[in-house]
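Here is a friendly briefing for anyone who likes to check the geometry before setting up a calculation. Have a look at the model first, and then walk through the notes below.

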Amino acid sequence: MDMKRTLIVLIFFFILPGIVLWYTRKRAESIENYMVAGRSVGPVATALTAISAATSAGLFVGGAGMAYKFGWGGATWQLGAFFGSFFTWLVVAPRIRQVSRNLNVMTVPELFAERYGSDKFYGFAAFWIVVFTVPMLVVQLRSGALMMEAYLKMSYTSSLVIISLALIAFTALGGSVAISYLSTVQALVMIGGTLVSMAVGLSLVHGIGGMDASLAKQSPSLVAFIGDVPHSLWYNLSVVYLFGFFSSPHVVARYYSMKDGNTARWSFPIAMVVAILWTVVAVLIGLFVRALGIDLKNPDMAFATFATEVVPPFVGILLVLVLLGAIFTTLDTLLMAGGTSVVHDLIERSRGKPLDEAVKLRYSKVVMVILGAISFGLCLVKLPLITIINAFAFGAFIMVLGVPLVLGIFWDKMNREAALFCTTLAPVLYIVWRLYLVKPTGLGEIPGTLLVIVPICIIWSLAKPATREEYFARYAEKVVGRPQGGH
């Protein structure tokens, strides 16, 4: 084991988070600070925290793995992420911030309960949040363990134990306010690391032209727009990341934390530039490794191979920190979303009265540890490509949360029944489509399920508009300061 490498990882995984925990220890005692950072996060921290939460190991490890396996075809679906990020920051995020602040809500199920006037959303939405958060947690833990296995020459299991303990302990103790501070620092390290890595990689393959020439020699499909990627998978991934940025509970929580309208406005250009940089670098790393003719049995090892066997040691260290930062910033927000939703939306609501703040904080920490332990166990079994796992869970949130959220805050007629359909039957349809309908229809589970549930929501809401219901009048008064008749 290389002691210098080990020391760097320990600083990034334990010392830096420890400093942040100490600095934010008092602010984490308030439930509002713990869950939404006191709604006081400025534009730089908001942009870097949100984009690093969305840009996980699923991008750096999974994205590089897809590009390695399929060439440019395994990369072009990322166009969906570009347009999705643009639309989210320009249109959706500011509206979510405004509505959540006016309603004084801290989770997505709570927003649904206020918008649609029913406590049923607490149980249904929170249940699916937990179900689909776990696979995304598995992606983060597994990616980090694979990286440390390659970089520190530790066993996969030992690496997994270290990463799990560090991440779960930090998130449970620090909450959202600590996440905002640490994610900002780690995102700055990630920006520097990706810029240096891209420059070094391009020099090794003699630029984009040299890389494409090398790929074309191996197979013409590697330089085709879609290439050998199954069309259903390509379209599925494109749609997942088109809508995923305003559907995932751990990313939506970052919009809740924004200080004011100017925060949303100034976060937009910062988030877009960083998102494009990280996406391009992740894709290029997979293409670099393939262009250099390195044979990998597991495409998900492309990122780790590039960091440990291709680039100089200094650049390799930066890439390790990039990946660890992506894992840390995504896993802690995922744990926060899952743990707080269980306590805030399930346990507290089932009691019928508020929990004491200290009790609520303690329960949230315990639930996070439990979710982390379940994810740890699942990391020990054989799994498919990281991108596929991540996309499946990411996509599920579009059905459960994304559709009723966006239609609910932008379209007054969206009614309770249509929203309940999304949070109860839509995920079941999504799973069935994944298992049985992808091959016969040629459509991935995301576009296929959307083509069913969106028309149902629209038709149902036109037949029975929410604007006629008393619950919408109460919502409208809280959001815009006037009763339904003023709309």
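Let's start with one methionine: apart from neighbours within four places in sequence, Met-147 is in contact (heavy atoms within 4.5 Å) with Phe-303, Ala-304, Ala-307, Thr-308, Val-320 and Leu-323. This is a predicted model, in which local features need pLDDT of at least 70 and side-chain atom pairs count only at pLDDT 80 or more, while totals for chains, interfaces and linings use all residues. Residues are numbered from 1 along each chain as its sequence is written, and side-chain values use heavy atoms, with hydrogens and water left out.

**Around Met-147**

- Met-147 sits in helix α7, which covers residues 120-152; helices (H or I, at least four residues) and strands (E, at least two) are DSSP runs, numbered from the N terminus.
- Is Met-147 buried or exposed? Its relative accessibility is 1%, so Met-147 counts as buried; the cut-offs are under 20% relative accessible area for buried and over 50% for exposed, with partly exposed in between (1.4 Å probe, protein chains only).
- From C-alpha to C-alpha, Met-147 and Met-66 are 17 Å apart in space and 81 residues apart in sequence.
- Helix α13 (residues 302-310) has 8 of its 9 residues buried, so α13 is largely enclosed by the rest of the structure.

**The chain as a whole**

- The chain has 20 helices and 0 strands.
- For 487 residues, a compact globule would have a radius of gyration near 23 Å, and the 22 Å of this chain agrees; the radius is taken over C-alpha atoms, and the globule rule is 2.2 Å times the number of residues to the power 0.38.
- Along the principal axes, the C-alpha atoms fill a box of roughly 65 × 55 × 40 Å.
- Of the 487 residues, 60% count as buried.
- Of the contacts between residues at least 6 apart in sequence, 83% join residues at least 24 apart.
- The accessible surface comes to about 18100 Å², with 68% of it belonging to carbon and sulfur atoms; areas come from the Shrake-Rupley method with a 1.4 Å probe, and for residues only the protein chains shown count as cover.

**The largest pocket**

- The largest pocket has a volume of about 440 Å³.
- Its lining has 25 residues, and Gln-78, Ala-81, Ala-275, Thr-279 and Val-280 are the closest to the centre.
- Two or more lining residues come from each of α4 (57-70), α5 (79-103) and α12 (261-291), and α12 gives the largest share, 7 residues.
- On a 1 Å grid over the protein atoms alone, a pocket is an open set of points with protein on both sides within 12 Å along at least five of seven lines, a cavity is a set where a 1.4 Å probe fits but cannot get out, and lining residues have an atom within 4 Å of a point.
- Grid points are joined across faces, edges and corners, and a volume is the space filled by probe spheres set on the points.
- By class, the pocket lining has 17 nonpolar, 8 polar and no charged residues; Ala, Val, Leu, Ile, Met, Phe, Trp, Tyr, Cys and Pro count as nonpolar, Asp, Glu, Lys and Arg as charged, and the others, Gly among them, as polar.

**Enclosed space**

- The structure holds 3 cavities of 30 Å³ or more, and the largest cavity has about 150 Å³ of space.
- Of the 16 residues lining the largest cavity, Met-106, Pro-249, Ala-253, Ala-337 and Thr-340 lie nearest its centre.
- Helices α6 (108-116), α11 (249-256) and α14 (313-351) each supply at least two residues of this lining, which divides into 10 nonpolar, 5 polar and 1 charged.

**Residues with positive phi**

- Asn-104, in the loop between α5 and α6, has a positive phi near 55° without being a glycine.
- His-206 lies in the loop between α8 (156-204) and α9 (207-218), and its phi is about 60°, again positive in a residue that is not a glycine.
- His-206 is exposed, with a relative accessible area of 69%.
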